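Student: I have a structure open and would like to know what the words used for it rest on. Can we go through it term by term?

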Amino acid sequence: MDLVEFYTGSWIGADRDGVRRVLAPDVEVDWNLDAPVDDEELVQSLHRIAVFADSVTVVSRVSRADGAAHVYDLAAPFGTARMAEFVSVHNGRIAEIRQVYDLVAIDRFFPALYDCQ
Amino acid sequence: MSRIEVQLIGGTGTEAVKLAPVALAMRAAGLLAPQFTVVGEHFRVITRALAAFDLAPGVTIDADPLTDLIRRLDMIWTERRPAAVMVHGDSRTSLAAALAAAWRKIPVVHLYAGLREDEFETPATDEANGRLIAQVATLHLVPVPLAAMNLIDEGVAARSVLITGDTGFDAALVIASRRLPSSRVTTANPYADGLAGQRAAQAVAALLGLADQPAPMPIPSFTGAAGAMRFGA
């Protein structure tokens, strides 16, 4: 199992320590949610999604030597939101993560994602 | 000096027809080199549609599913990186191209952006594609003011939204002028003035630092909110 696959499996499986283990200490994180983000906030938000969602499906994964692009379907009890993610790998750790959420669907189907912060 | 390449991605005849006036306007302005990339099974239809505008596909990709298309576009752009990528509407082809470009940090220009019908049944609807494209696009070109308001409601910055009008009408004008030179085409649609392609082309040039921002499209006063809708100024 490669590094990015391990990261994906870890967060979908609500394994926060697994996610932390593959992130570089100076990992750059960016997302389009209306909240500041750093590595720990990313870990906690992914955990909240994984716990709240009925299922998380990787609908697309494209890998290249220095990273991967994912599209996820995040199925909540009342509907599904989509998220795209771009992951960069450097020196055997994840060096950059950019996440792009369908904000309208996230606000509608994952209302607790912000309230828990 | 070679002109800067902008790739226009189309997967259907409709997309090709609506992108064609933008490509023609880019050519006419002489600042950008539009390159059509045709995706999927409708190659012949698209080629025929483009031929009506004296355009031709530069790249063709026989891939449809999201993953394959992102992979193929990423490979192409590894070798030949455009300055910007233009996608049309809310198709899966457009989503794949927008995500592949965003992955490479290539600016995404979204033509026919912001049209919504409040579809939430599944994440695979065109509208869900459009909402995600809106989040990765750098420039949003919309045909009508309501589409601009939809995008702003979704958190898109107003300064990145421009009401261009309907490039479909531009396309109709081009075809009519070639086939029936003495004809006169009119429409009651106030967002069809025949200049949408020019505005879109100039907006892309401005995004790349090659031109000034285009003047915003005049909003008819009957909309009742003309003053509040002059985005992109």
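**Terms and what they rest on**

Tutor: We begin where the chains meet: 21 residues from chain A and 17 residues from chain B make up the contact. The model is a predicted one.

Student: What makes a residue part of this contact?

Tutor: Two residues are in contact if their C-beta atoms, placed from the backbone, lie within 7 Å. On that basis chain A gives 21 residues and chain B gives 17 residues. On the side of chain A that touches chain B, strand S2 (55-64), strand S3 (67-76), strand S4 (79-90) and helix H4 (103-109) of chain A each supply at least two residues. S4(A) gives the most, with 6 residues.

Student: Which classes of residue are found on the side of chain A that touches chain B?

Tutor: That side of chain A has 11 nonpolar, 4 polar and 6 charged residues.

Student: Why is chain B said to agree with a compact globule?

Tutor: The value is set against a rule. A compact globule with 233 residues would have a radius of gyration near 17 Å, and chain B has 17 Å, so the two agree. Along its principal axes, the C-alpha trace of chain B spans about 45 × 45 × 40 Å.

Student: How many of the residues in chain B are buried, as a percentage?

Tutor: Of the 233 residues in chain B, 50% are buried. The cut-off is 20 or more other C-beta atoms within 10 Å of the residue's own. As for contacts in chain B with a separation of 6 or more, 67% are between residues 24 or more positions apart.

Student: What is the secondary structure of chain B?

Tutor: Chain B has 8 helices and 7 strands.

Student: Why is the sheet of chain B said to have edges?

Tutor: The 7 strands form an open sheet in the order S3-S2-S1-S4-S5-S6-S7 (chain B), with parallel pairing. S3 and strand S7 (161-163) of chain B each have a single partner strand, so one side of each has no neighbour in the sheet, and they stand at the edges. From one strand to the next, the twist averages 25 degrees.

Student: How do you know that S5(B) and S6(B) are paired?

Tutor: Pairing needs at least two bridges between two strands. Strand S5 (residues 108-111) of chain B is joined to strand S6 (residues 139-142) of chain B by 3 bridges, and the two run parallel. One of the partners can be named: Leu111(B) has Leu141(B) as its bridge partner in S6(B).

Student: What is the order of the strands in the sheet of chain A, and what is its pairing?

Tutor: The order is S1-S5-S4-S3-S2 (chain A), in an open sheet of 5 strands with mixed pairing. Strand S1 (23-31) and S2 of chain A stand at the edges, because each has a single partner strand and one side left without a neighbour in the sheet. Neighbouring strands of this sheet are turned by 20 degrees against each other on average, direction ignored.

Student: Which residues of H3(B) are buried, and what covers them?

Tutor: Leu66(B), Leu69(B), Ile70(B), Arg71(B) and Leu73(B) are the buried residues of H3(B). Their cover includes S2 and S3 of chain A, together with strand S2 (32-39), strand S3 (57-61) and helix H4 (92-103) of chain B.

Key: Residues numbered from 1 in each chain as written. Chains lettered and ligands numbered in written order. Predicted model: local features only at pLDDT ≥ 70, side-chain atom pairs only at ≥ 80, totals over all residues. Helix = DSSP H or I, 4+ residues; strand = E, 2+ residues; numbered from the N terminus. Nonpolar A, V, L, I, M, F, W, Y, C, P; charged D, E, K, R; others polar. Rg over C-alpha atoms; globule rule 2.2 N^0.38 Å. Buried ≥ 20, exposed ≤ 12 C-beta atoms within 10 Å, placed from the backbone. Axes fitted to C-alpha atoms, helices over the stretch in contact; angles between N-to-C directions.
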